[in-house]
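Good morning, everyone. Please bring the model up on your screens, and we will walk through it together.

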Amino acid sequence: MFDAIRSNRRIVQGILGLIVVTFAFFGVESYLGSIGNDSSLATVGDTKIGPAEFENALRRQQDQIRAQFGGDIDIAQLNTPEIRRAVLDGLVNQRLLALYATDSRLAVSPEQLRQVIGSIDEFKQDGQFSQSRYEQVLRAQNLSVPQFEAQLRRDVAFQQLTTAVGNSAIAARKSAHRLLALQLEERTVATARVSAEELAGEVTVSDDEVQTYYQANRDRFRLPARVKADYLVLDREKFIESIKVDDAQIEAWYQAHQDRYRREEERSARHILIELGADAPADEVAEATARAEKILAEVRANGGEKFAEVAARESEDPGSASNGGDLGFFTRDAMVAPFSEAVFALEEGGISDIVRSDFGLHVIQLTGIRPEQVRPLDEVRDTIQTELRQDQAAREFAHAAETFSNVVYEQPDSLGPAAEQFGLTLKSSDWVSRDGAGQPPFDNARLMAALFKSDSLERKLNTEAVDVGNGQLVSARVTTYEPERTEAVEEVREEIVGELKLEAASKAAEKRGRELLAKLRAGEAVEVDFGEAAKVTRGPGDLDPLIQRELFSMPASTELPAYGGAVGSDKDFVLFRVESTNVPEIADDDPRLVAVRNQYERILAERDLQAFLAELRRKYKVEINLAALQSVAS
C-alpha cells in the first residue's frame, strides 16, 4: 500500500508518457525573448494559444517522430499542414481539459503528487527517490520545483479525466467473439490481371484533352517560391565541446555542494495492516484495535521472529502481505507521517506499538538501517564535470547569442563579419521552398518566414538571428530567388499525356475485366490465366488492399468457386476466384478473446474521449486562426 509504484500504478503509467513533454529545453529563446508574430493561433474560452507554444509543441512532435524512425525520415513529411493542424488540435484539447478540470474543482492532493514524483525513475538513486537527484534533474532542464510540480499536477488531473472516460467503455463479449472470427477467417484465392499498362499503347491523347486537363488541374503544377541562401549556425554544443574543467574546479564544487550528494538515511521495515477508514465509527475502531492488539502480542511473544509469517496470514495490505509485509528500504518522506515517525523512532529489530494512519492500523518491525552518508567524489565526478561544463557553456552562449544577433543586424549586407568574429563556417543551401519542406535548419517556420520577407528577397539583407531549436541560432542571407510560378503546359505535357493514357487504359481494363467476370459467373468458358491459389486473411498481406476489401465484402456463405474483381491501386483490373472459405470455431475460453476485447474497448474509449472533447468544444468556445497557423508554420 505504501509503495508508490504499486499504489499509483494507473497514474504513473500515464505520467511516464506525459513527463517527456515536461522535460523540454527552453532553448535560446529564453535569452533573446519572443521573436516574430505574436498573434494567437487559437482561442479556447478566455485563453489563447500563441505561436511560441505552438512551435515548441510542433518541434517536440517532430523530434519524437524522428526518434521513432531513427532519424531516417524525409523532413518534409514532418511539416505538413496535417501534422501542424494535429499539433494545434492537441494543444486545444489540453486547454479544454484544463478548463474543465478547473471548473469541476478537480484537485491533486500533495500526498498524491509526492507519490507520483517518488515513482519516476529519473529521480531515483539506487532504486529510491532522492531529493538531491530530483532537484539536480530539474535544474539541468532549467525548471524550478514549483514549475515542474505545477505542470505535473495538471498532467495528473488530465490523466484522471481521460482514465475516467476511458474506463466507461465496455465491449460486449459477443462483439469480441465476432471480431475475432472475422480476423481469423481465411479465404483461398487465385487472381488474374487485365493490365492497364498493356492497353495504354492503344490509347491516343489529343491536344484538346491535354489542354482541358491542364486548365482543370493548374494548382497541381504550381511551383512555390524558392530561394538559395548562405547561412551561419551558432551552436551551443560547440561551446560545451570547447570548455575544459580541471580536477581543482571539480573538487571545489564538490566541497561547496556536498548537500546535493548527501544520501538520506533509509530504513527497511515490515508491517501488518488492519484496514480502517479515517472516519470509521467507534465500534469499527474498537474491533480493529482489538485485532491489532492481539497481533501485536503474538509477534512480540516470539521476539519478532515470526513477524513475516503473521504478516502473510493477517495483513490486509495486498501489495506486501504475500511478501511477509516487507516494504523494502525507503526515506523518511516516502511514507505518510505517522508511519515514518514510528519507523524512524525504532531500533533495528524493534516492533512498534499500534500506529494509526489514513490507511488503517499498523504493526511495524524495523528490519534494517542505512545511515545518512555523502556520496564519494569519485562516484559523482563525471556528473559534476558535465554540469560545470553545461553551466559555463550556457553563460557563454547567452552572451554570444546576444552579440551574434547584434552583429547580423548591424551589418546586414553580409554574414562575413559574424562568421569571422565567431569562427563560423559560412554554409550554402540548395533550393528551399516557401512551404518549409527543406532540410534542417530550413524546416523551421520562423527562419523560412524571415527568408521570405521583402528585405531578404529584394534587398538581400541578413535575416534576424532565429532560434531553430536544439540550442542553435541561425541567420541566413538570400543569394538567389525564384518567385512562385505555374509550369507552362509545354513543360508538363508529357506528364499529362502519361496520366490521361493510364486513366483511359484503366477504364478499358475495367470494362474488359467486368466482361470476363460476367462470363465466369455465368459459367462460360473463358481464357483467363489464374495464378496459384493462396490463403488470405483480413490482416495486412501481399494482396492489394482495394482487392482485399472487395474480396471480403463477399458473403462467406457464397457458393464456391465464387468470382469477383476490382480496380487495384496500380490501375489494373484484378479478377479473383475464391476456392474455399474457412471460418474457425472459437471457444468461449479462447485467450485471444481477451486481447480482441481489450483492443475493441480501446477503440470505444477513443471514440468516447473524442465525443467528450467535442462536448467541451461546445461548452467552451474554440476559435482557430487558420491564417495565423499558416503564417507561423509555413
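**A walk through the model**

Asn93 touches Leu613 and Arg617, not counting residues up to four places away in sequence. Where does Asn93 lie? It lies in helix α5, which covers residues 81–103. Is Asn93 buried or exposed? Asn93 is buried, because its relative accessible area is 19%, and the cut-off for buried is under 20%.

Now step back to the whole chain. Keep in mind that this is a predicted model. The mean pLDDT of the protein chain is 84. Of its residues, 90% reach 70 or more. Over residues 1–38, though, the pLDDT is below 50. That stretch still has 88 contacts in the model beyond near neighbours in sequence.

The chain has 634 residues, and 42% of them are buried. It holds 24 helices and 22 strands. Look at the contacts with a separation of 6 or more: 76% of them are between residues 24 or more positions apart.

Let's take the strand pairs in turn. How many bridges join β9 to β12? There are 10, between residues 266–275 of β9 and residues 360–370 of β12. These two strands run antiparallel. Glu275 stands opposite Gly360 in β12.

On to β11 and β12. These are joined by 3 bridges and also run antiparallel. In β12, Leu361 is the bridge partner of Arg356. The two strands form a hairpin, with 2 residues between them. And β12 itself? Of its 11 residues, 8 are buried, so β12 is largely enclosed by the rest of the structure.

Now move along to the loop between α20, residues 454–458, and β16, residues 466–469. Thr463 has its place there. Thr463 is buried, with a relative accessible area of 4%. What does Thr463 touch, leaving aside neighbours within four places in sequence? The partners are Val408, Leu447, Ala450, Leu451, Ser456, Val474, Ser475 and Ala476.

Lys460 is in the loop between α20 and β16 too. Lys460 has a positive phi of about 55°, although it is not a glycine. Lys460 counts as partly exposed, because its relative accessibility is 25%.

Asn470 lies in the loop between β16 and β17. Asn470 has a positive phi of about 55°, and it is not a glycine. At 56% relative accessibility, Asn470 counts as exposed.

Follow the chain into β17, residues 472–482, and you find Glu482. Glu482 counts as partly exposed, at 30% relative accessibility. Not counting residues up to four places away in sequence, Glu482 touches Ala225, Arg226 and Trp431. Glu482 and Leu223 are 259 residues apart along the chain, yet their C-alpha atoms are separated by 9.6 Å.

Two peptide bonds deserve a stop. Which residues does a cis peptide bond with omega of about 5° join? It joins Pro440 and Pro441. Pro441 is found in the loop between β15, residues 432–433, and α19, residues 445–451. Another cis peptide bond joins Leu560 and Pro561, with omega about -5°. Pro561 lies in the loop between α22, residues 545–552, and β20, residues 562–567.

How many cavities of 30 Å³ or more does a search of the whole structure find? The search finds 1. The largest cavity has a volume of about 30 Å³. Its lining includes Leu560, which takes part in the cis bond with Pro561. Arg187, Met554 and Val578 are also among the lining residues.

That is the tour. Questions, please.

Key: Residues numbered from 1 in each chain as written. Predicted model: local features only at pLDDT ≥ 70, side-chain atom pairs only at ≥ 80, totals over all residues. Heavy atoms only, no water. Pairing = 2+ DSSP bridges. Helix = DSSP H or I, 4+ residues; strand = E, 2+ residues; numbered from the N terminus. Buried < 20%, exposed > 50% of the residue type's maximum accessible area, 1.4 Å probe, protein only. Contact = heavy atoms within 4.5 Å. pLDDT = per-residue confidence, 0-100. 1 Å grid on protein atoms, 1.4 Å probe; cavity = no way out; pocket = protein on both sides within 12 Å on 5 of 7 lines; lining within 4 Å. Points joined across faces, edges and corners; volume = space filled by probe spheres on them.
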